[in-house]
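Please describe the local features of the structure shown below, with attention to backbone geometry, aromatic contacts and surface charge.

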Amino acid sequence: MVVGDIATGTDVLIIGGGPGGYVAAIRAGQLDLDVTLVEMDAYGGTCLNEGCIPSKALVHATDVAHDAGGAEHMGVHADPAVDVQGMVDWKDGVVDQLTGGVEKLCKASGVNLVEGRAEFAGENTVRVAHGGEGQGSESIEFEHAVVATGSRPIELPGFEFDGERILSSTHVLDLDEVPESMLVVGGGYIGMELSTVLAKLGTEVTVVEMLDDILPGYEDDVTRLVRERAEDLGVRFEFGETAQGWEDTGTDAFVTTETEDGETGEYTAEKVLVAVGRRPVTDTVNLEAVGLEPNDRGFVETDHEARTDVDHVFAVGDVAGEPMLAHKAYREGEVAAEVIAGEPAALDHQAVPAAVFTDPEVGTVGLTEDEAEAEGFDPVVGQMPLRASGRALTLDDTDGFVRIVADEETGFVLGAQIVGPDASEMVAEVGLAVEMGAQLEDVAGTIHTHPTLSEAVGEAAANALGKATHTLNR
Ligand code: FAD
Ligand code: NAD
């Protein structure tokens, strides 16, 4: 302890108040543990403050403007004017409501909230430095700790974020005016979601992606629909190029790129968004002091109980490995809290869904056909194109499909790939099916409300069984 420290003690010390940390704290509080949550920046972490929520708010707001302006064929004539500051203010209101909610929920569960930066100072001690000059520090003794320090954007060498020309996703979510042009480096989740937002606001967007397609890991028929719609919105794609360097021309960024064969590309844009992935945050907590070190990819390794190599220390969320998704963090937070409380709990990552909030949306869960085959299943696949869905037609949004993958022999549902409006919602039904060990018959036999998009999930399952009534069977 340093002079001036006030020493306190807690059963469970949680470092980081994002989705992993705050859910661990609330669950531990519900289980009557004495819990302290330390957050050095803002409750809700990346997700609520500069990730999922603000980005989805802007995705929706730009959809409203874009859809209203493109509905003449439906007899709707409008020319919406976008006030970017108004849009950003509304988004901030949504964020404030949710972050305030996190604080209230923590307090209601008896969680002791501490603001400051926590660093391990020993096997059972952290030192919390409170923000600002002269704010002091305190030592907290703990029985168990949960590391939930999240991730931050990767900075490309030579492209350090300055918030002026070279932007991270956080900067783009807070723009106060619409840039004329944006070069987006990286065509992954963030690159594609924010390109869609920007293109709908009227920015001229060029995406430079080092691979030969967008959204690595997704199947070709999924990425094709997203890419084509983005192209319709005016987004230009340059594949097989990596960003090398840039110069400020005074009005723009002049960016050079290179292909694997050494060919160079040149681009000029008012701003550059670098979205080339995120890196786990471990440099804020002094892991060494508790006997831990990150693996060679920077993650803190954990087992099926979210426990690290040091028995009384757990790690959850982005810092504990991929996929770096908020709902994965939630689940890990719950499991860590339950294990600490002595409850039987374990992680099962087979049904972690993923969604990309592009236009059209993508929603996936479980295995693809190829993955099922690689795992030794004999996959059977059923598909329903959304052009045959009454609801998709009434929404004037028919690009996409629902595909369901099952094991032919047992009928067990293994996964789904969905592209189309509300794919992020539709995928939940298949997630439940995978989680419960449901069979195709269960999904096909479920009565879905008409007319809804989710009927396509039932119809895809029926298609896999050769029993579809609204599409041609396989
Ligand atoms: P974080 O949310 O990063 O929280 C970690 C917290 O720890 C931070 O608040 C940080 O201040 C704090 N911290 C770090 N070190 C210390 C310390 N030493 N002491 C005290 N506090 C500390 N995921 C989805 O599932 N769906 C989406 O739609 C989605 N959209 C996204 C959009 C964008 C633009 C971005 C950037 C991310 C998005 N994500 C999305 C990912 C999601 O935000 C993360 O997976 C999620 O926030 C991870 O939660 P976490 O608790 O592990 O970490
Ligand atoms: P990402 O991993 O999704 O995509 C990064 C892309 O950048 C890849 O396509 C990669 O090939 C490309 N790339 C890497 N280096 C490059 C270079 N030098 N030049 C050109 N291209 C390069 O990462 P992201 O988009 O930064 O998002 C980070 C993480 O945040 C995601 O992996 C995801 O876990 C999370 N996220 C999730 C959602 C969601 O769930 N809807 C939305 C946004 C972010």
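Is Asp422 buried, exposed or partly exposed? Asp422 is partly exposed, with a relative accessible area of 40%, where buried means under 20% relative accessible area, exposed means over 50%, and partly exposed lies in between (1.4 Å probe, protein chains only).

This is a predicted model, in which local features need pLDDT of at least 70 and side-chain atom pairs count only at pLDDT 80 or more, while totals for chains, interfaces and linings use all residues. Residues are numbered from 1 along each chain as its sequence is written, chains are lettered from A and ligands numbered from 1 in the order in which they are written, and side-chain values use heavy atoms, with hydrogens and water left out.

**Backbone geometry**

Asp422 has a positive phi of about 55 degrees although it is not a glycine, and its place is the loop between β22 (413-420) and α11 (423-436); helices (H or I, at least four residues) and strands (E, at least two) are DSSP runs, numbered from the N terminus. Ala306, likewise not a glycine, has a positive phi of about 70 degrees and lies in the loop between β16 (278-280) and β17. Ala306 is buried, at a relative accessible area of 1%.

Cis peptide bonds are the next topic. The bond from Glu322 to Pro323 is cis, with omega near -5 degrees, and Pro323 belongs to the loop between β17 (313-315) and α8. The bond from Asp359 to Pro360 is also cis, with omega near 0 degrees, and Pro360 is found in the loop between β18 (354-356) and β19 (361-366).

**Aromatic pairs**

Rings of Phe, Tyr and Trp (its six-membered ring) pair if their centres lie within 6.5 Å, and planes under 30 degrees apart count as stacked, over 60 as edge-to-face and the rest as tilted. By this rule the count comes to four aromatic pairs, among them the following.

| Pair | Centre to centre | Angle between planes | Geometry |
|---|---|---|---|
| Tyr22 and Tyr330 | 6.3 Å | 65 degrees | edge-to-face |
| Phe120 and Phe142 | 5.9 Å | 65 degrees | edge-to-face |

Because Tyr22 lies in helix α1 (residues 19-30) and Tyr330 in helix α8 (residues 326-340), their pair ties together parts that are 308 residues apart in sequence. Tyr22 counts as buried at 9% relative accessibility, whereas Tyr330 counts as partly exposed at 29%.

Phe120 is buried at 1% relative accessibility, and Phe142 is buried with a relative accessible area of 3%.

Helix α1 also holds Gly20, which is buried at a relative accessible area of 5%. The C-alpha atoms of Gly20 and Pro216 are separated by 25 Å, and these residues are 196 residues apart along the chain.

**Surface charge**

Glu369, Asp370, Glu371, Glu373, Glu375, Asp378, Glu408 and Glu409 gather in a patch of negative charge on the surface. Such a patch is made of residues with over 30% relative accessible area and no salt bridge, with like charges joined within 9 Å, and a salt bridge is a side-chain nitrogen of Lys or Arg within 4 Å of a carboxyl oxygen of Asp or Glu. Asp378, one of the patch residues, lies in the loop between α9 (369-374) and β20 (379-385) and is partly exposed, with a relative accessible area of 47%.

Terms used
Patch = residues over 30% accessible without salt bridge, like charges linked within 9 Å, V, L, I, M, F, W, Y side chains within 5 Å. Areas by Shrake-Rupley, 256 points an atom, 1.4 Å probe, with all protein chains shown as cover. Lys, Arg positive; Asp, Glu negative; His and termini not counted. Charge placed at Lys NZ, Arg CZ, Asp CG, Glu CD.
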